[in-house]
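Subject: Handing over a structure

Dear colleague,

I am passing on the structure below, together with an account of what was found in it.

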Amino acid sequence: MKKILIVGSGGQIGTELVKKLRATYGNQNVVASDLRPLTGEIVENGPFERIDSTQIMQIVDVVKRYNIDTIYNLAAILSATAEKNPMLGWNVGIGSLVNCLETARIFNCAVFTPSSIGAFGASTPHDNTPQDTIQRPNTIYGVTKVTGELLSDYYFTRFGVDTRSVRFPGLISNLTLPGGGTTDYAVEIYYAAVKGEKFICPISKGTYMDMMYMPDALDAMVDIMEADPTKLVHRNSFNVTAMTTPSRSTIRTSRWSTSSTRSVRPSPTAGRTRWTTAAPAPSGAGTRSMTSTR
Ligand SMILES: NC(=O)c1ccc[n+]([C@@H]2O[C@H](COP(=O)([O-])OP(=O)(O)OC[C@H]3O[C@@H](n4cnc5c(N)ncnc54)[C@H](O)[C@@H]3O)[C@@H](O)[C@H]2O)c1
């Protein structure tokens, strides 16, 4: 039986991941945590602990008390916000990761930390982006993600820590608003559409952005954490992809949503999560290919 700690549970991914993992592994086996005091279902349905993940002893204390064997490390400052305060972006992104890795080394835990397409850069091949490729980002967020991938590799090869990760594109969801990333507009567009408000898309016509629907992102996380560790050929992070949206089709989708009471879903071109050729092929994974990181 897994005993799971989620660090940074109150954000866009965490609020949905807590629900999914509690439904799968049992409410009492999934400890939610965040720097902020949270309210509602997340604290009512199962254990919740206040953890500042830049303070290692706060993580260690909870791991010991609950006998944790798996850590999902979601604490970070997202790209647009980090660019306004680069040192905060570095201290939270890397501080949290190093503390989770050190705790995992001492208490023998598996660690999942999401990377991002922000770990690439202008010189990365945009189409069919290879798994191992040029990673020269020019944002502090991207720098933390590349560093995080290298640290995850290092802790696996040097100490045998069971590190796992995927490189997420922008995530589209409707439970919790995104936390200040460059793809937030893709979520805000749907909120505006549902309210019947006009939305001016901040990206120029013809710009392509990689996106994924949150349920597919959650599946990707659980699939990689359930995969046989001996089959994992990468410990930094796997490319994972779903759809590439040109700005114009996103706008069309928003028009479609306003005239409907059905739940908001991304463009009809969205498909199942697709894994790259180097991925561990979890059962049920769809077509293996990779779209661009435009
Ligand atoms: N959402 C996306 O589109 C996306 C895409 C690619 C990668 N990611 C990555 O996934 C992870 C989670 O992203 P998210 O969208 O849920 O972020 P978010 O900003 O919505 O949530 C982050 C959470 O971390 C918490 N936090 C901040 N500092 C903390 C600290 N010192 N200690 C404990 N908690 C702290 C915040 O209170 C917040 O609840 C991040 O590593 C992010 O880089 C997200």
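For the helix pairs described here, an axis is a line fitted to the C-alpha atoms over the stretch in contact, and the angle between two axes runs from 0 to 180 degrees between their N-to-C directions. Read that way, the axes of α5 and helix α6, the latter covering residues 140-159, come within 10 Å and cross at roughly 15°. Since angles under 35 degrees count as roughly parallel, α5 is therefore roughly parallel to α6. The crossing of these two helices is right-handed, and on the α5 side the contact is made by P86, G89, W90, G93, I94, L97, V98, L101 and R105, which meet I140, Y141, T144, T147, G148, L151, Y155 and F159 of α6. Sorted by class, the residues in this contact are 11 nonpolar, 5 polar and 1 charged.

Please keep in mind throughout that this is a predicted model. The protein has 294 residues, of which 45% count as buried, and its secondary structure comes to 9 helices and 13 strands.

Turning to the ligand, 28 residues surround it, and the closest are G8, G10, G11, F168 and G179. By class, this shell divides into 13 nonpolar, 12 polar and 3 charged residues. Helix α1 (12-25) and strand β9 (170-172) each supply at least two residues of the shell, with the largest share, 3 residues, coming from α1.

Most residues other than glycine have a negative phi. N108, however, has a positive phi of about 60° although it is not a glycine; N108 is found in the loop between α5 and β5 (110-112), and is exposed because 11 other C-beta atoms lie within 10 Å. N128 likewise is not a glycine and has a positive phi, of about 50°, and its place is in the loop between β6 (115-116) and α6. Is N128 buried or exposed? With 12 C-beta neighbours inside 10 Å, N128 counts as exposed, because the limit for that class is 12 or fewer.

P37 has 9 C-beta neighbours inside 10 Å and so counts as exposed. P37 and E49 are 12 residues apart in sequence, while their C-alpha atoms are 8.6 Å apart in space.

With best regards

Terms used:
Residues are numbered from 1 along each chain as its sequence is written. This is a predicted model: local features need pLDDT of at least 70, side-chain atom pairs count only at pLDDT 80 or more; totals for chains, interfaces and linings use all residues. A residue is near a molecule or strand if its C-beta atom, placed from the backbone, lies within 6 Å of it. Helices (H or I, at least four residues) and strands (E, at least two) are DSSP runs, numbered from the N terminus. Ala, Val, Leu, Ile, Met, Phe, Trp, Tyr, Cys and Pro count as nonpolar, Asp, Glu, Lys and Arg as charged, and the others, Gly among them, as polar. A residue is buried if 20 or more other C-beta atoms lie within 10 Å of its own, exposed if 12 or fewer, and partly exposed in between; C-beta atoms are placed from the backbone. Angles under 35 degrees count as roughly parallel, over 145 as roughly antiparallel, 65 to 115 as roughly perpendicular and the rest as oblique. A crossing is left-handed if the near helix is turned anticlockwise from the far one by less than a right angle, and right-handed if clockwise. Two residues are in contact if their C-beta atoms, placed from the backbone, lie within 7 Å.
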